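Student: Please take a close look at a single side-chain contact. Then set out, in one connected account, the strands, helices and spaces of the model.

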Amino acid sequence: MMTLEGVALKLSPYSFPMITTPACRTPHTFRRFLVSASTAAAPPASLSLGHSTRPDFPILHQEVNGSRLVYLDNAATSQKPITVLKALQDYYQGYNSNVHRGIHYLSSKATMEYELARKKISEFINASDAREIVFTRNATEAINLVAHSWGLQNIKSNDEILLTIAEHHSAIVPWQLVAQKTGAILKYVELNEDGVPDVEKLKDMLSRKTKLVVVHHVSNVLGSVLPIEDITCCAHDVGAKVLVDACQSVPHMAVDVQDLNADFLVASSHKMCGPTGIGFLYGKSDLFSSMPPFLGGGEMISDVFLDHSTYAEPPSRFEAGTPAIGEAIGLGAAIDYLSGIGMQRIHEYEIELAKYLYDSLCSIPNIRIYGPVPSEDVHRAALCSFNVENIHPTDLATLLDQQHGVAIRSGHHCAQPLHRHLGVGASARASLYFYNTREDVDDFIHALNDTVRFFNSFK
């Protein structure tokens, strides 16, 4: 335990390996951005997207541990605008009722808003039909649904499932379970010299044995963006299906499932300004029609007899029981909010903010940032996972929170295989959204410099 200005700090008991990788894989010299919360420059006359949207998020306007809250944990979950909070309140105060089959006003109103949310998602990702959208508890459940209902029916012994080592655990573990049950073989694509999954190697590994490719759109650790259209094209050439984890892309850019030509795509509400407890699965209609139910119960049936049942058409077939009605309506409100800003506008702003974050982090001594170096041709997502030599990332995150009110994440980010490949047990991660500003980055860099100096003072 250490003390700083009379505050007791509980630091991580875990050892952390020495990092010998160069601080930044780039030849450029980066200036330091050491602007504190009290001295940060005033917003420009023409407000940035971050400045103009911050008033919509009440949670951002508070102090944490005596400092202005700087929320940089958006890859874990986003904050919610007032319109989403109001949509939830309106449902529970004004028309709370179970959906489908009810003929009274409240049920009809709830059903209409619930199904309208499905239609909004469909249009948001440009699905060809709203029936290609299944509500799930989260993206993890969506992947498990595909693994159970499609995977166990279509993947056989010695078939191959192709993934990258940068996948989230939720995109790995369900397929490990399928492989254990079916005798299928999991194959993993490693990183190339730029620190991103090697797409050319992925293409080379495809064969007629490949039944499924499971791939993220944007890495939650590396910040890299994969060319999904190229991957789906090559996978389909050998007869394989493609499941895309779009949890880190749908909230940040325009995603068109028809252009991507993905067979399945999953995303989560809470990362895109919506409530927790709900996500969605997109699937092509012909695939959904061929898949058996995932769970049994009410809603997903057509007729029930004592010895057998017949099942509803998709998407109802995959939505057993009372759904997360308020959460679905809240997700619909979040989509309205994002659409009102414009996803292209959000994406362009975040590209600029992502480079500012990366360049600013490169001013920190002995830092290692994971993933690609941003350039004219390479755009990173607005997140950076990093380590500072000889300082555990949890210790960094603890002090940033306790002494500066800066919220980042530390740990393996549900990507242990990737961290093992990188030679570390954990990393710190700062992740931005459109309501963040350059001033947020400046305050973070000032706090990080201060934190690094504190720990280095004990050497």
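Tutor: The side chains of Asp440 and Arg68 meet in a salt bridge, with 3.0 Å from N to O; the term requires a side-chain nitrogen of Lys or Arg within 4 Å of a carboxyl oxygen of Asp or Glu. The pair links distant parts of the chain: Asp440 belongs to helix α14 (residues 438–456) and Arg68 to strand β4 (residues 67–68), 372 residues apart. Helices (H or I, at least four residues) and strands (E, at least two) are DSSP runs, numbered from the N terminus. Side chains of opposite charge can pair when their charged atoms come close. Over the whole structure, the search finds 20 salt bridges.

The model is predicted: local features need pLDDT of at least 70, side-chain atom pairs count only at pLDDT 80 or more, and totals for chains, interfaces and linings use all residues. Residues are numbered from 1 along each chain as its sequence is written, and side-chain values use heavy atoms, with hydrogens and water left out.

The loop between β3 (63–64) and β4 holds Asn65. Asn65 is not a glycine, yet its phi is positive, at about 55°.

Next come the sheets. Seven strands make up an open sheet with mixed pairing, in the order β6-β12-β11-β10-β9-β7-β8; two strands pair if DSSP finds at least two bridges between them. At the edges are β6 (133–136) and β8 (185–189), each of which pairs on one side only. From one strand to the next, the twist averages 20°; axes are lines fitted to C-alpha atoms, for helices over the stretch in contact, and angles run from 0 to 180 degrees between N-to-C directions. Within this sheet, β7 (residues 160–164) and β9 (residues 210–216) run parallel and are joined by 3 bridges. Leu162 has Val213 in β9 as its bridge partner.

Helix α5 (residues 173–182) lies across β7, β8, β9 and β10, and runs at about 145° to β8.

An antiparallel open sheet has 4 strands in the order β15-β16-β19-β18. Its edge strands are β15 (367–369) and β18 (409–411), each pairing on one side only, and the twist averages 30° from one strand to the next. β15 pairs with β16 (residues 383–388) over 3 bridges in the antiparallel sense, and Ile369 stands opposite Phe386 in β16. Helix α11 (residues 343–361) lies across β15, β16 and β19 (427–431), at about 10° to β16.

Strands β13 (residues 301–304) and β14 (residues 309–311) are antiparallel and pair over 3 bridges, with Asp303 opposite Thr310 in β14. In the loop between β14 and α10 (325–341) is Pro315, and the peptide bond from Pro314 to Pro315 is cis, with omega near 5°.

Finally, the spaces. On a 1 Å grid over the protein atoms alone, a cavity is a set of points where a 1.4 Å probe fits but cannot get out, and a pocket is an open set with protein on both sides within 12 Å along at least five of seven lines; lining residues have an atom within 4 Å of a point. Grid points are joined across faces, edges and corners, and a volume is the space filled by probe spheres set on the points.

The largest pocket has a volume of about 430 Å³. Its lining comprises 26 residues, with Ala75, His168, Asn220, Gln248 and Lys271 nearest the centre. Both α4 (139–154) and β11 (264–268) supply at least two residues of this lining, and α4 gives the most, with 3 residues. By class, the lining has 9 nonpolar, 12 polar and 5 charged residues; Ala, Val, Leu, Ile, Met, Phe, Trp, Tyr, Cys and Pro count as nonpolar, Asp, Glu, Lys and Arg as charged, and the others, Gly among them, as polar.

The largest cavity has a volume of about 80 Å³. Gln248 is among the residues that line this cavity, as are His252, Met253 and Glu350. The cavity lining divides into 6 nonpolar, 4 polar and 2 charged residues.

Conventions. Contact means heavy atoms within 4.5 Å.
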